[in-house]
Amino acid sequence: MPTFLLSPLVKWSLATLGGAMVVHWVVKEARRINEELEASKRVKVRIRDQENRPTLRRDPRTGEYRPV
């Protein structure tokens with residue numbers, strides 16, 4: 001059975017190319033995820049039932065927050 005021989009230079013070149021492709025993909029994904037997170041931070045969401053929510057005040061004796 002003949003063995004498939006490649007010179008060490010070709011092997012190192014292929015390994016370097018593969019590593020560069022992986023690094024490129026990881027950077028691209030990280031940028032995409034950061035853009036999505038920034039976009040979600042910029043979105044203003046209106047609370048629809050805000051008038052139905054009670055205001056919380058701190059009880060001076062116990063230190064717990066209670067609805068007013």
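Colleague: In which element is lysine 28 found, and how should I read such a label?

Modeller: Helices (H or I, at least four residues) and strands (E, at least two) are DSSP runs, numbered from the N terminus. Lysine 28 is found in helix α1, the element that spans residues 8–42 and also holds leucine 17. The model is a predicted one, in which local features need pLDDT of at least 70 and side-chain atom pairs count only at pLDDT 80 or more, while totals for chains, interfaces and linings use all residues. Residues are numbered from 1 along each chain as its sequence is written, and side-chain values use heavy atoms, with hydrogens and water left out.

Colleague: Is lysine 28 buried or exposed?

Modeller: Buried means under 20% relative accessible area, exposed over 50%, and partly exposed in between, with a 1.4 Å probe and protein chains only. Lysine 28 counts as exposed because its relative accessibility is 53%. Of the 68 residues of the chain, 1% count as buried.

Colleague: Which elements does the chain have, and in what order do they run?

Modeller: The chain has one helix and two strands, and from the N terminus on they run α-β-β.

Colleague: How can I read the overall form of the chain from its radius of gyration?

Modeller: The radius is taken over C-alpha atoms, and the globule rule is 2.2 Å times the number of residues to the power 0.38. A compact globule of 68 residues would have a value near 11 Å, whereas this chain has 29 Å. Along the principal axes, the C-alpha atoms fill a box of roughly 85 × 30 × 20 Å. Between lysine 28 and leucine 6, which are 22 residues apart in sequence, the C-alpha atoms are 32 Å apart in space.

Colleague: How many salt bridges are there by the rule used here?

Modeller: Side chains of opposite charge can pair when their charged atoms come close. The rule asks for a side-chain nitrogen of Lys or Arg within 4 Å of a carboxyl oxygen of Asp or Glu, and by it the count comes to five. One of them joins arginine 32 to glutamate 36, at 2.8 Å from N to O. These two residues are four apart in helix α1, so about one helical turn separates them. Arginine 32 counts as partly exposed, at 38% relative accessibility, and glutamate 36 is likewise partly exposed, at 48%. Glu29 joins Arg32 and Glu36 in a network of salt bridges.

Colleague: Which residue forms a salt bridge with lysine 41?

Modeller: Lysine 41 forms one with glutamate 38, the closest N and O atoms being 3.8 Å apart, and both lie in helix α1, three residues apart, about one turn of the helix. Lysine 41 is exposed at 63%, while glutamate 38 is partly exposed at 39%. Arginine 66 and glutamate 64 also meet in a salt bridge, at 3.3 Å from N to O; arginine 66 is partly exposed at 39%, and so is glutamate 64 at 45%.

Colleague: Which residues make the nonpolar surface patch?

Modeller: Patches are made of residues with over 30% relative accessible area and no salt bridge, where like charges are joined within 9 Å and nonpolar side chains (Val, Leu, Ile, Met, Phe, Trp, Tyr) within 5 Å. Here Leu6, Val10, Leu14, Leu17 and Met21 make a nonpolar patch of about 460 Å², with accessible areas coming from the Shrake-Rupley method with a 1.4 Å probe, and for residues only the protein chains shown count as cover.
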